[in-house]
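Please keep the sequence and the 3D view at hand while reading.

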Amino acid sequence: MDTLYEEISIPIKIKSRNQIDRMHWGAKSRLKKQYQLLVNNQMKLNKIKKATADDKYVITIASYRKRLIDYDNIDLKQLLDALVNVGFIWDDSPKYIPKQFKSQIKDKDERTLITRYAIP
């Protein structure tokens, strides 16, 4: 771990739980692959190293969206799986991510900001 925190921004908002529940399983898989591609690209552009089994992080995910939704309707499953698959985090279990925060900010420019804070 070289720095205290690292962040990436992907140009899409997080899908709501209601949207995810209505999706076909194939569409969910494509969504996860889209997240993976975007996160992997940002990791390369920002020279962010992949996590190892020794790394633990606090993760914050901020969803910038035109219309706010209920907090219990923000679905992070596909995004967290994508973060694990590309190595931004080692695993999404509490052992490796003891704290996780999600927020949403009303903004006309929809995007998602993901930050990992290293835990010594």
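Four strands form an open sheet in the order S1-S4-S2-S3, with mixed pairing. S1 and S3 stand at the edges with a single partner strand each, so one side of each has no neighbour in the sheet. From one strand to the next, the twist averages 15 degrees. The model is a predicted one, in which local features need pLDDT of at least 70 and side-chain atom pairs count only at pLDDT 80 or more, while totals for chains, interfaces and linings use all residues. Residues are numbered from 1 along each chain as its sequence is written, and side-chain values use heavy atoms, with hydrogens and water left out.

Some terms need their limits before going further. Helices (H or I, at least four residues) and strands (E, at least two) are DSSP runs, numbered from the N terminus, and two strands pair if DSSP finds at least two bridges between them.

**The strands**

Strands of a sheet pair through backbone hydrogen bonds, either parallel or antiparallel. Here S1 (residues 5-10) and S4 (residues 111-118) pair in the antiparallel sense over six bridges, and S2 (residues 57-65) is joined to S4 by eight bridges, also running antiparallel.

| Residue | Opposite residue in S4 |
|---|---|
| Glu6 | Arg116 |
| Ile8 | Ile114 |
| Val58 | Tyr117 |

In S1, the covered face carries Glu6, Ile8 and Ile10, whereas the uncovered face carries Tyr5, Glu7 and Ser9.

**The helices across the sheet**

For the angles that follow, axes are lines fitted to C-alpha atoms, for helices over the stretch in contact, and angles run from 0 to 180 degrees between N-to-C directions. Helix H2 lies across S1 and S4 and runs at about 130 degrees to S1, while helix H3 lies across S1, S2, S3 and S4 and runs at about 55 degrees to S4.

How do the axes of H2 and H3 cross? The axes of H2 (residues 25-45) and H3 (residues 77-86) come within 8 Å and cross at roughly 50 degrees. That makes H2 oblique to H3, since angles under 35 degrees count as roughly parallel, over 145 as roughly antiparallel, 65 to 115 as roughly perpendicular and the rest as oblique.

Contact means heavy atoms within 4.5 Å. By that rule, residues of H2 including Leu31, Tyr35, Val39 and Met43 meet residues of H3 including Leu79, Ala82, Leu83 and Val86.

The buried residues are Gln78, Leu79, Leu80, Asp81, Ala82, Leu83 and Val86, and what covers them includes S1, helix H1 (17-21), H2, S2, S3 (99-106) and S4. H3 is followed by Gly87, whose phi is positive, near 90 degrees.

**A residue in a loop**

Met23 has its place in the loop between H1 and H2, and at 21% relative accessibility Met23 counts as partly exposed. Leaving aside neighbours within four places in sequence, Met23 is in contact with Lys28 and Leu31. Met23 and Lys77 are 54 residues apart in sequence and 14 Å apart in space, C-alpha to C-alpha.

Terms used: Buried < 20%, exposed > 50% of the residue type's maximum accessible area, 1.4 Å probe, protein only.
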